[in-house]
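Here is a short briefing on one protein chain. Keep the sequence and the 3D view open as you read.

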Amino acid sequence: MSATEKKVAVVLVLILIAMVAAYVTTGNKPAAMAQRPGARPGRTAQSANSSAACAPTIGGGYAKTEELGKKGAKVEVLAVVPVAHGCHNKSIAELKKEYEKHPNDIHLTIVDLQGPDAAKYREKVGSPYTRILINGKYQFEVKGRKVSLEKVEGANYKPSDLGQIIEAELKKK
C-alpha cells in the first residue's frame, strides 16, 4: 500500500467512526428523524406535522357527519376528512365559505374520516384516506397546476384551491 492509499484508508476509517458515533448518540435514528420528532425521511416538516396532528387516536372522539344544502344541487361536494383532529380545518372552512356564498347551488357533506359513517363514504370517494369530491371528481387543474384533493391539506392541494374549483364548477352549469 502506498502512503497516499494509507492516508485515504485512515480518513475513511475516521469517517466511519464518526458516523457510528452519530448513529449511537441520536438513539439509533437517522439524523433527519432525530431533528424533527414525528418526521419521516423524505417528507417536509409541514407534511410531517400535519401527519402527527392527524394521527388516529385511541379512544379519541369524532365529529358527526354534517350535511348542508339539498341533494341534486348544481355542485355536489363530499369531503371525507379527519374533522375531529383539526388538520383539515382550513379546507372545511373554505368549503363552508363557498356554501354560504351559494347555499341554493351547493350540497355539501362533511364526513369525519374516523367517524362511524366513514366506511360507507370511503367507498363513495374510492379511497380509505382523506379525499374531497366535487361533482364526483377529486383531480382538477387550477391555474395550470394539477391539483388532487386528497391526503394532507397543503400537500396535493391548497385550501384556497377549493373555492376556485367550486366557482369554476358553478359556471359550467
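Which residue lies over the face of Tyr 138? Arg 131 does, at 3.6 Å from the ring centre. Keep in mind that this is a predicted model. The points below start with the whole chain and then turn to single residues.

**The chain as a whole**
- The chain has 173 residues, and 34% of them count as buried.
- Its secondary structure comes to 6 helices and 6 strands.
- Read from the N terminus, the order of elements is α-α-α-β-β-α-β-α-β-β-β-α.
- Take the contacts between residues at least 6 apart in sequence: 66% of these join residues at least 24 apart.
- The accessible surface of the chain is about 10700 Å². Carbon and sulfur atoms account for 57% of that surface.

**Rings and charges**
- The structure holds 0 aromatic pairs.
- Two rings do have a charged side chain over them: Arg 131 lies over Tyr 138, and the charged end of Lys 151 sits over Tyr 129.
- For Lys 151, the distance to the centre of the Tyr 129 ring is 5.8 Å.

**Salt bridges**
- The count comes to 9 salt bridges.
- One of them joins the side chains of Lys 74 and Asp 105, with N and O 4.0 Å apart. This pair links distant parts of the chain, as the two residues are 31 apart. Lys 74 is in the loop between β1 (66–68) and β2 (75–81). Asp 105 is in the loop between α4 (89–101) and β3 (106–112).
- Lys 74 has a relative accessible area of 37%, so it counts as partly exposed. Asp 105 is also partly exposed, because its relative accessibility is 24%.
- Lys 146 and Glu 141 meet in another salt bridge, at 3.9 Å from N to O. Both of these residues are exposed.
- Glu 98, Lys 101 and Glu 167 are linked in a network of salt bridges.

- Glu 169 and Lys 172 form a salt bridge, with their closest N and O atoms 3.0 Å apart.
- Both residues lie in helix α6 (residues 159–172). They are 3 residues apart, which is about one turn of the helix.
- Are the two partners buried or exposed? Glu 169 is buried, because its relative accessibility is 6%. Lys 172 is exposed, because its relative accessible area is 56%.

- What does Leu 162 touch, leaving out residues up to four places away in sequence? The list is Ser 91, Glu 94, Leu 95, Ile 132, Ile 134, Leu 149 and Tyr 157.
- Take Leu 149 from that list. Leu 162 and Leu 149 are 13 residues apart in sequence, and their C-alpha atoms are 8.4 Å apart in space.

**A nonpolar patch on the surface**
- Which residues form a nonpolar patch on the surface? They are Val 8, Val 11, Leu 12, Ile 15 and Met 19.
- Together, these residues have about 470 Å² of accessible area.
- Val 8 is found in helix α1 (residues 3–25).
- Val 8 counts as partly exposed, because its relative accessibility is 46%.

Note on methods. Residues are numbered from 1 along each chain as its sequence is written. This is a predicted model: local features need pLDDT of at least 70, side-chain atom pairs count only at pLDDT 80 or more; totals for chains, interfaces and linings use all residues. Side-chain values use heavy atoms; hydrogens and water are left out. Patches are made of residues with over 30% relative accessible area and no salt bridge: like charges are joined within 9 Å, nonpolar side chains (Val, Leu, Ile, Met, Phe, Trp, Tyr) within 5 Å. Accessible areas come from the Shrake-Rupley method with a 1.4 Å probe; for residues, only the protein chains shown count as cover. Helices (H or I, at least four residues) and strands (E, at least two) are DSSP runs, numbered from the N terminus. Buried means under 20% relative accessible area, exposed over 50%, partly exposed in between (1.4 Å probe, protein chains only). Contact means heavy atoms within 4.5 Å. Rings of Phe, Tyr and Trp (its six-membered ring) pair if their centres lie within 6.5 Å; planes under 30 degrees apart count as stacked, over 60 as edge-to-face and the rest as tilted. A charge sits over a ring if NZ of Lys or CZ of Arg is within 6 Å of the ring centre and within 35 degrees of the ring normal.
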